Protein chains: 2
Amino acid sequence: MSDNVTPFIDFLDSVVPMTKEGKAFMKSRLFTLSLGKGEYAYEIGSVCHRIGFVTDGVLRVVQLNEDGSEYTKYFINEGHFSVDLESFSSGLPSQEYQEALTPCRMIVMTKEMAEVFHTHVEGFSRAVSILTERALLEKIKIKSEMFTDDAPTRYEKLLERNPSIIQRVPLQVISSYLGVNQATLSRIRKQLR
Amino acid sequence: MSDNVTPFIDFLDSVVPMTKEGKAFMKSRLFTLSLGKGEYAYEIGSVCHRIGFVTDGVLRVVQLNEDGSEYTKYFINEGHFSVDLESFSSGLPSQEYQEALTPCRMIVMTKEMAEVFHTHVEGFSRAVSILTERALLEKIKIKSEMFTDDAPTRYEKLLERNPSIIQRVPLQVISSYLGVNQATLSRIRKQLR
DNA sequence: AGCCGTTTTTGACAAATGTCAAAAATTACC
DNA sequence: GGTAATTTTTGACATTTGTCAAAAACGGCT
């Protein structure tokens, strides 16, 4: 059960229906990976050569600012992908890292697998296109919203959209994601009671 | 010359090399479109059913906030695409509109054309995937950066990245893009002299 | 239960940005 | 070339958010 890769296959299948053969082909190659709290899915400077479909846990994508401070670009939780698309596609070193905020489990597809799937699994390419577009559009939407909203609204929207994050992630990380000072976020939270 | 569609074809060809036949196939179908200053590429509530490759001019993508105020999500200038990908892919009504800030010219590919190209032009699908990913990643990158920077830095980066925008676009629009009050932006600009 | 390290809250104050309205500058148009 | 309309700048002030440091609360561990 712990190395069950079907959730990922089911997910792809729900986007673009696949043949039994295609699914079996993928099933025999995919594998699962566990990360302990605080471990990295990949690091700055290394090339991201795999995509993880997260089935348990939360990760955060972290970018380093020029002044050395860290910024949480976004969170990844169940049903979403752990990958640095930029590095994955280009083969260039990653400019970000991903840290498991809780113990995580993901179904892993390496770059080599993906290349094989593209030619051997009908519908795979199309599913990837659709999912990539969908994921990136969602991120743009969220970032755009955050831009027009003030800090309390940003916090409330995160709470609505992703209540489990608030429970599982320390305040200092959330504040970095919301672009608000930690003390300010603490006060905002106080207001909302 | 004014209805020359080759810039778009050359652009695709530079991403994924195409056959002579493929290029001729597209060339005979694509057409150009001109927009006067203030005209819309598409409107809120309508479905976006075409992609425009902008060869001249600047457009802005505008989102309406709940309070009725407008927010400039981003600018589109020469060499970039005028499209609401969300509406284009889903067929659902658009939640944004695009306004020509200057007279614009673009090479247009309709959704119907795109569907035909997918099956008749080798490499087309792959080029589209690559370009989509590239464009969306760029937008995420810009938005993320804007999030960690303060207002003067945001202005300076826009100036670096896109000096022509500053010349061609009124201050009030830029301020909406930068997420800064217009008066504040005016003062920032004063500082930087 | 009690200790230690970490996280969160709080206070006092500083800095940045927003708001509103009027003046100045610029642009468009007859 | 002059006038109206639009855009930008400026002033005075309010509000929001940041900073820093200390206190309080929390969590893990033995």
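Which residues come nearest to DNA strand C? In this predicted model, local features need pLDDT of at least 70 and side-chain atom pairs count only at pLDDT 80 or more, while totals for chains, interfaces and linings use all residues. Residues are numbered from 1 along each chain as its sequence is written, chains are lettered from A and ligands numbered from 1 in the order in which they are written, and side-chain values use heavy atoms, with hydrogens and water left out.

Around DNA strand C there are 19 residues, of which Leu171(A), Ser186(A), Arg187(A), Lys190(A) and Asn181(B) come nearest. A residue is near a strand if one of its heavy atoms lies within 4 Å of it. The residues of this surface divide into 7 nonpolar, 6 polar and 6 charged (nonpolar: Ala, Val, Leu, Ile, Met, Phe, Trp, Tyr, Cys and Pro; charged: Asp, Glu, Lys and Arg; polar: the others, Gly among them). At least two residues each are supplied by helices H8 (171-178) and H9 (182-191) of chain A and by helices H6 (151-161) and H9 (182-191) of chain B. H9(A) gives the most, with 6 residues. Helices (H or I, at least four residues) and strands (E, at least two) are DSSP runs, numbered from the N terminus.

Phosphate oxygens of DNA strand C lie 2.9 Å from a polar side-chain atom of Ser186(A) and 3.4 Å from a polar side-chain atom of Lys190(A).

Over all chains, the structure holds 16 salt bridges (a side-chain nitrogen of Lys or Arg within 4 Å of a carboxyl oxygen of Asp or Glu). In one of them, Glu70(A) pairs with Arg60(A), the closest N and O atoms being 3.4 Å apart. Glu70(A) lies in strand E5 (residues 70-76) and Arg60(A) in strand E4 (residues 59-64) of chain A, so the pair ties together parts 10 residues apart in sequence. Glu70(A) is partly exposed, at 39% relative accessible area, whereas Arg60(A) is buried at 8% (buried means under 20%, exposed over 50%, partly exposed in between, with a 1.4 Å probe and protein chains only).

In chain B, Glu145(B) and Arg161(B) meet in a salt bridge of 3.6 Å, N to O. Glu145(B) belongs to helix H5 (residues 124-148) and Arg161(B) to helix H6, so this pair ties together parts 16 residues apart in sequence.

Key
Polar contact = N/O pair within 3.5 Å; in protein donor to acceptor, adjacent residues only side chain to side chain.
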